[in-house]
Amino acid sequence: MTTLIIGASGFLGGELARQATATGHTVTGTFTTAPGPLPEIQWLPLDVRNRDDITVVLDKVQPRLVINAAARRGDWAATAEGPGRLAMAAADRGVRLLHVSSDAVFSGVQTVYDEAATPDPITSYGAAKAAAETAVRLVSPAALVIRTSLIIGDGASKHEKLVHDVSAGRAPGPLFTDDIRRPVHVSDLAAAILELASSAQSGIRHVAGEDAVSRHELGLLIARRDGLDAAALPAGLRADTGASDGQDIRLDSSATQSALRTRLRGAREFLSSATGTGTLR
């Protein structure tokens, strides 16, 4: 299958490109500033804020599948408007679209959120992701919107790097005990996305790990795996900072998991040792 991965130079996009190539896809990846490290795929620059850029790339690649894994915090045009433009261009060409969204579309007031929950973002990033979801679903009803949570890897994610920096004194703490998510391993997430891409499913799907853990517990798990000093990771309460973003947001992925071969491991499992690609049931 000819597959175009928007944001393939990023953390999730790179894993998607690696797994898609390994399973026989002919992959083109896009980047904003520089190509990623995979020499076996075609790389093209793309600014999703520019309608003409999108048209040029789609017409050059002529993909059967487009996966939008790009993320750019603080940029409404790229995060909210770009996916809508991409959805219009894909729909005009009859191309299947998967758009990756975030648990940031929720406030945390409800705590557990399934796919039927109504977004109620309280941050600018969450509002941008919610707007993108609405645009994609309005323009392309056959598209899949995949919400996920904190994406963890084998040391390369921003969340793992932060734990290392806090442990080494390069970044300030604390890590919050009341900020709770359901982290997912990047290899499991990529495998699930590619599995869903090969299905006829549409609408919204939640793809997150099974464990609800705080940012502090996540830090302790990373520290234990990587041999860091757990005592160097201070604990604190987000509620004490007056921050407005959600504290306890748990994506319910049970409906999606029941239809997947890919098993979405919990953080306590995948951080217990070094991990490889997503496992199958």
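Is Ser-253 buried or exposed, going by its relative accessibility? At 7%, Ser-253 counts as buried (buried means under 20% relative accessible area, exposed over 50%, partly exposed in between, with a 1.4 Å probe and protein chains only). Before the views, a quick note: this is a predicted model, where local features need pLDDT of at least 70, side-chain atom pairs count only at pLDDT 80 or more, and totals for chains, interfaces and linings use all residues. Residues are numbered from 1 along each chain as its sequence is written, and side-chain values use heavy atoms, with hydrogens and water left out.

**View A. Ser-253 sits in the loop between strand 15 (250-251) and helix 8 (254-258).** Helices (H or I, at least four residues) and strands (E, at least two) are DSSP runs, numbered from the N terminus. The side chain of Ser-253 reaches the backbone nitrogen of Ala-208 at 2.9 Å. Skip the neighbours within four places in sequence, and Ser-253 is in contact with His-206, Val-207, Ala-208 and Leu-264 (contact means heavy atoms within 4.5 Å).

**View B. Phe-106 and Tyr-113 form a stacked pair.** The structure holds two aromatic pairs. In this one the ring centres are 4.1 Å apart and the planes are at 15°, so the pair is stacked. The rule: rings of Phe, Tyr and Trp (its six-membered ring) pair if their centres lie within 6.5 Å, and planes under 30 degrees apart count as stacked, over 60 as edge-to-face and the rest as tilted. Phe-106 is buried, with a relative accessible area of 1%, and Tyr-113 is buried with a value of 1% too.

**View C. Arg-73 holds its charged end over the ring of Tyr-125.** That end is 3.8 Å from the centre of the ring. A charge sits over a ring if NZ of Lys or CZ of Arg is within 6 Å of the ring centre and within 35 degrees of the ring normal.

**View D. Helix 5 (residues 158-167) has buried residues.** They are His-159, Glu-160, Val-163, Val-166 and Ser-167. Look down the axis of helix 5 and these residues fall within an arc of 125°, so they line one face of the helix (the arc is that of the directions from the helix axis to the C-beta atoms). Their cover includes strand 8 (151-152), strand 9 (175-176) and helix 7 (215-226). Just after helix 5, Gly-169 takes a positive phi of about 80°. Pro-174 lies in the loop between helix 5 and strand 9, and the peptide bond from Gly-173 to Pro-174 is cis, with omega near 0°.

**View E. Gln-62 and Thr-111 each have a positive phi.** Most residues other than glycine have a negative phi, and most peptide bonds are trans. Phi of Gln-62 is near 50°; this residue lies in the loop between helix 2 (51-61) and strand 4 (65-68) and counts as exposed at 60% relative accessibility. Phi of Thr-111 is near 75°; Thr-111 is in the loop between strand 5 (96-102) and strand 6 (112-113) and counts as partly exposed at 25%.

**View F. Pro-35 lies in the loop between strand 2 (26-31) and strand 3 (42-45).** Pro-35 is partly exposed, with a relative accessible area of 45%. Not counting residues up to four places away in sequence, Pro-35 touches Ser-9 and Trp-43. Pro-37 is in the loop between strand 2 and strand 3, and Pro-37 is exposed at 75%.

Conventions. A polar contact is a pair of N or O atoms within 3.5 Å; within protein, one must be able to donate a hydrogen and the other to accept it, and residues adjacent in sequence count only if both atoms are side-chain atoms.
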